[in-house]
Amino acid sequence: MSELDAVRSVLRRQRAHRSFTDQPVPEDVITDILELATRAPSAQNCQPWDFVVVQDPDRRAAIWELASRLWDMGAKDATDGAVPDTMRDDVEHGVRRGFAGAPVSIVVCANAERWDLNLMDSSIWPATQNLMTAATAHGLGSALTTIGTILVDELRAILKLPATLTPLAVIPIGHPPKPLGSSRREPVSEHTHREEFGNGW
Ligand SMILES: Cc1cc2nc3c(=O)[nH]c(=O)nc-3n(C[C@H](O)[C@H](O)[C@H](O)COP(=O)(O)O)c2cc1C
C-alpha cells in the first residue's frame, strides 16, 4: 500500500469508539502514540500539552464516573432529539460503561505555564487529533470526549493536577470488539467555496 493510501485508510477509519475489549495496550505502544501526538504543531512550538495516562482500574472508574454523572445532570437531555437515537444510545453506552472499559484513558491537559490559556485550543487539538490518528494506525480504537472534563475540580483531584494544568479531553484507548468501518461525512462540495463564498467546488 502506498503511503498516501495508508494515510487515507487511517483517517477514514478514525472514529469515535465507545466499546473496548479488556485486551491490554502495551506500554511501548502508548509511548509511540504519545510521541506521534507531540509531532503536532503548536504556537511558537510552545508544546503546551501534558498527558496523564490512566490505567489503574479504580482511577479509570473514578474519572468516567464524572462523565456518567454529567450525562445525568443534563448532557442526556441535551443529546435527546439532537442526534439519531442509535447514536444517543451509543454515546450513553460509552459514558455509562464503554469508556471505563478501555484499558487506557489519556487525559489531555493544557499547561498555562507554556501558553495563554485563552488561546490554548488551537495548540492542543492538533496534538489530540494526532494522538487518535496514531492510535488508529496501531489498530486501536479511541474517542475524543470532553464530557468528563466539565466537573473539573473533581477531575483535578483524582489526577492530582496542579493549578497550572487544565484538563481538556479524556481519550479512552483500547482494542475495539469489532471494526467500525469508515466514518460518514457530507461531501466536500457541500462545505467548499471556490475563491469566494457561494461559488461551487
Ligand atoms: C469536541 C468534541 C467532543 C466530543 N465529546 C464526546 C463525548 O463526550 N462523548 C462521545 O461519545 N463522543 C464525543 N465526541 C465524538 C463525536 O460524537 C464524534 O466525533 C462524531 O459524532 C463523529 O463520529 P465518528 O467519529 O463515528 O465519525 C466528541 C467530539 C468532539 C470533536
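Which residue in β2 does Trp49 stand opposite? In the predicted model examined here, the residue opposite Trp49 is Ala110 of β2. This pair belongs to a sheet whose strands are described below in turn.

The sheet is open and consists of 4 strands in the order β1-β2-β4-β3, with antiparallel pairing. Because β1 and β3 (residues 141–142) each have a single partner strand, they stand at the edges, and one side of each is left without a neighbour in the sheet. Helix α5, spanning residues 121–137, packs on this sheet and touches β1, β2, β3 and β4; the direction of α5 makes about 10° with that of β4.

Strand β1 (residues 49–54) is joined to β2 by 6 bridges in the antiparallel sense. Antiparallel pairing over 8 bridges links β2 with strand β4 (residues 165–174), and here Val107 is placed opposite Val170 in β4. Between β3 and β4, the antiparallel pairing extends over 2 bridges, with Ser142 opposite Ile173 of β4. Strand β2 (residues 104–111) is largely enclosed by the rest of the structure, because 7 of its 8 residues are buried.

Note on methods
Residues numbered from 1 in each chain as written. Predicted model: local features only at pLDDT ≥ 70, side-chain atom pairs only at ≥ 80, totals over all residues. Buried ≥ 20, exposed ≤ 12 C-beta atoms within 10 Å, placed from the backbone. Pairing = 2+ DSSP bridges. Contact = placed C-beta atoms within 7 Å. Axes fitted to C-alpha atoms, helices over the stretch in contact; angles between N-to-C directions.
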